[in-house]
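Student: I have a new structure to read. Could you take me through its terms one by one?

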Amino acid sequence: MPVLSPNSSSMSSMFIKDGLLSAATWLASPNYNVRPKDLSIDAIVVHNISLPPNEFGACDTNDTHYVKALFTNQLDWDAHPYFQTIKGAEVSAHLFIERDGAITQFVNFNERAWHAGRSSYLGRPECNDYSIGIELEGSDFVSFTSAQYEQLAKVIATIYKAYPKTRRHLTGHSDIAPGRKTDPGDYFEWARLRELVAEKSKDNSLL
């Protein structure tokens, strides 16, 4: 898998250039396509994911995180019984934030990642067309970590700066696909996140 190291700048100087997040490790996913013409990037969708479900940090025999393997079409479907239930899935997200706050980018923000599926936001279908998808390593049944909230808030504030139309359009997978999806779940603290984002957005030294 092609992997590039994160930008050498510190997390406090997070920025986006040419659709890439400076603080993220780049790991290219084949699961993306071109966004429709004449559509702005104007929403951010928060998800959670864990492979196998409710297990964090699990890796394959090559020491590749299972979530990263899934997003790059490298998951060994025979490595765990659950994987048979999603065999052949071709999915991705723009970003994945692990429990320790490490960030991986799989799809350029200017491209269309396959994270939302059938979805609708404020009456507009096909959220993949105009949104940025961020996956947090987690599940519906446990709290997320402080490191994840801190990094997610910095990421969102940075996205707001690079793509201003996303401001005030922060939502969850369960909101855009109700009845089909439940993430990021009841343990996700939206008020905490919004307070952190507001702090980061005011403090230019963090952007």
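Tutor: Let us begin with the pocket. β6 (43–49) and α1 (66–71) each supply at least two residues of the lining of the largest pocket. This is a predicted model, where local features need pLDDT of at least 70, side-chain atom pairs count only at pLDDT 80 or more, and totals for chains, interfaces and linings use all residues. Residues are numbered from 1 along each chain as its sequence is written, and side-chain values use heavy atoms, with hydrogens and water left out.

Student: Which element gives the most to the lining of the largest pocket?

Tutor: β6 does, with three residues. Helices (H or I, at least four residues) and strands (E, at least two) are DSSP runs, numbered from the N terminus.

Student: How many residues line the largest pocket, and which lie nearest its centre?

Tutor: The lining has 30 residues, and Asn 48, Ile 49, Tyr 82, Glu 135 and Lys 181 lie nearest the centre. The volume of this largest pocket is about 700 Å³.

Student: How do the residues of that lining divide into nonpolar, polar and charged?

Tutor: There are 12 nonpolar, 12 polar and six charged.

Student: What is the angle between helix α2 and helix α4?

Tutor: Helix α2 (residues 146–162) packs against helix α4 (residues 190–202) at about 50°, with the axes 8 Å apart.

Student: Why is α2 called oblique to α4?

Tutor: Because of that angle, α2 is oblique to α4. Angles under 35 degrees count as roughly parallel, over 145 as roughly antiparallel, 65 to 115 as roughly perpendicular and the rest as oblique. The crossing of α2 past α4 is right-handed.

Student: Which residues in α2 meet α4?

Tutor: Among them are Tyr 149, Leu 152, Ala 153 and Ile 156, while the α4 side includes Leu 193, Leu 196 and Val 197. Contact means heavy atoms within 4.5 Å.

Student: Where are the cis peptide bonds, and what is omega?

Tutor: One joins Leu 51 and Pro 52, with omega about -15°. Another runs from Asp 183 to Pro 184, with omega near 10°. Pro 52 sits in the loop between β6 and α1.

Student: What is phi of Asn 54?

Tutor: Phi is near 70°, a positive value in a residue other than glycine. Most residues other than glycine have a negative phi. Asn 54 is in the loop between β6 and α1.

Definitions and conventions
Axes fitted to C-alpha atoms, helices over the stretch in contact; angles between N-to-C directions. Left-handed = near helix turned anticlockwise from the far one by under 90°. 1 Å grid on protein atoms, 1.4 Å probe; cavity = no way out; pocket = protein on both sides within 12 Å on 5 of 7 lines; lining within 4 Å. Points joined across faces, edges and corners; volume = space filled by probe spheres on them. Nonpolar A, V, L, I, M, F, W, Y, C, P; charged D, E, K, R; others polar.
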